[in-house]
Amino acid sequence: KIIQRCKHVCVIGSGPGGLYAAQHLIKHGSMKVDVYERLPVPFGLVRYGVAPDHPEVKNVVNSFNKVLSHPNVRFRGNVTIGEDVNLNQLMEAYDAVLLSYGSSEDRKLNIPGEEFVTSARQFVGWYNGLPENSNLQFDLSNSETAFIVGQGNVALDVARILLSPIDKLAKTDIASHALETLSKSRIKRVSVIGRRGPLQVSFTIKELRELIGICPTQFREDDFYGINVDELPRPKKRLVELMINTSKIPLAIHDKYWTLEFLRSPLQITKDNNLKVKFALNQLQNEKVVPVGEEIRNCDIVFRSVGYQGKILFPELPWDERSSIIPNVEGKVSEGIYVTGWLKTGPRGVILNTMSDAFAVAGQILKDLESPSSSKPGLDLNLKKRITSYEDYMKIIEYEKSNGKVTSVQKMLEIIQ
Ligand code: FAD
């Protein structure tokens, strides 16, 4: 009689992609799962991306805690795959390797003067206490006007953090250094700028409604002339209706306000006393962006929020530069190697999308590992650095309850010494 032994799967990255896949693997098969994470603590963008004033979104960690405390799952934090361990070692030790290390870079504007641009991704990392971004400095005490280039949810997150009352932010788990800097901020005007029109924005209604509720707007009514909302599919219709209704609110003088601006692409940024951004003024012709003029505008800070981007960790694997993904067929890259999360879908989509995709890929792994051939042993790790466990993470969380978010790797390692 064949005794079916546990198969060993390793998951690279402990964000929603990796952890939902791990959840599915242990629920539906006799699997042992090792989760590798470059940081000492898990959860990826749930801890370091999702805005601090969205605690309800972070409730997903309740399910992730169950996954990481399951006897068949082992969390191995502070291990950078590609540096501390290579792909060959993983492939020799595991029956399947699931890559879900996300998208940790950002798309650039590729214009002269890009060095004057602030990355929204780094700003998000900074206010969330991501160790590599925690020492960044943002001069908000000398800035009144901010441009945010890009019209997705991350752009609205950045606008909301810049414009929220400080006492509201103080009630969240925002990093203390960010709270201090934001309390001295003099930002009064925020423009969220897109290269196309109101029908092409990629933020969602919930985020738009929230920002409208937090700070007065100055939308321009004529940006919406000629739009027939009845022709739009339902979610878009509600979103555009909200923008149109907001544009009809009579303009009043407000100390702080924000606005949406359309059909503008930055061409160049220069700096003297403040920043001067040269924009192309666009028209949409058959859905194509066509520049028809230019304007130069002054501001104090420009955020770039035009998308995240994945990076090549393993040169031996294929890479699709345009979509920023590892090419795959339903999550399978090659024999024994799989991909999920933003690394599979491209850097877009909310946690719910990432979850369904991770379940599907984990299902594919289970199917491929069904036949009872011999199983691999897993990897004995012998590194000259402290590898963190789930219990270590719990100690860090306990410390944070009374001391606030820990924002350096060194401090995390001190806490668990
Ligand atoms: P990640 O969450 O990025 O996880 C990848 C993990 O891999 C990270 O922990 C990373 O440290 C680790 N890693 C990277 N390199 C290595 C390596 N070499 N070795 C080991 N580990 C490595 N969705 C919502 O539903 N609601 C929201 O409010 C929301 N807000 C968002 C705000 C921002 C700013 C962003 C960027 C996204 C937001 N999302 C939100 C989307 C959500 O965060 C993603 O859908 C989800 O996190 C993608 O999961 P992932 O596992 O692919 O990537």
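In what sense do strands β11 and β12 pair, and over how many bridges? Hold that thought for the last view.

A note first: this is a predicted model, where local features need pLDDT of at least 70, side-chain atom pairs count only at pLDDT 80 or more, and totals for chains, interfaces and linings use all residues. Residues are numbered from 1 along each chain as its sequence is written.

**View 1. An open sheet of 6 strands.** The order is β3-β2-β1-β4-β16-β15, with mixed pairing. Strands here are DSSP runs (E, at least two residues), helices likewise (H or I, at least four), both numbered from the N terminus; two strands pair if DSSP finds at least two bridges between them. β3 (73-77) and β15 (332-334) sit at the edges with a single partner strand each, so one side of each has no neighbour in the sheet.

**View 2. β1 next to β2.** Residues 7-12 (β1) and 31-37 (β2) pair in the parallel sense over 6 bridges. Look for I12, whose bridge partner in β2 is Y36.

**View 3. The hairpin of β11 and β12.** Back to the opening: β11 (residues 275-285) and β12 pair in the antiparallel sense, over 11 bridges. L284 has V289 of β12 as its bridge partner. Between the strands are 2 residues, and N286 takes a positive phi near 50°. β12 (residues 288-299) is hardly covered, with 0 buried residues among its 12. Buried means that 20 or more other C-beta atoms, placed from the backbone, lie within 10 Å of the residue's own.
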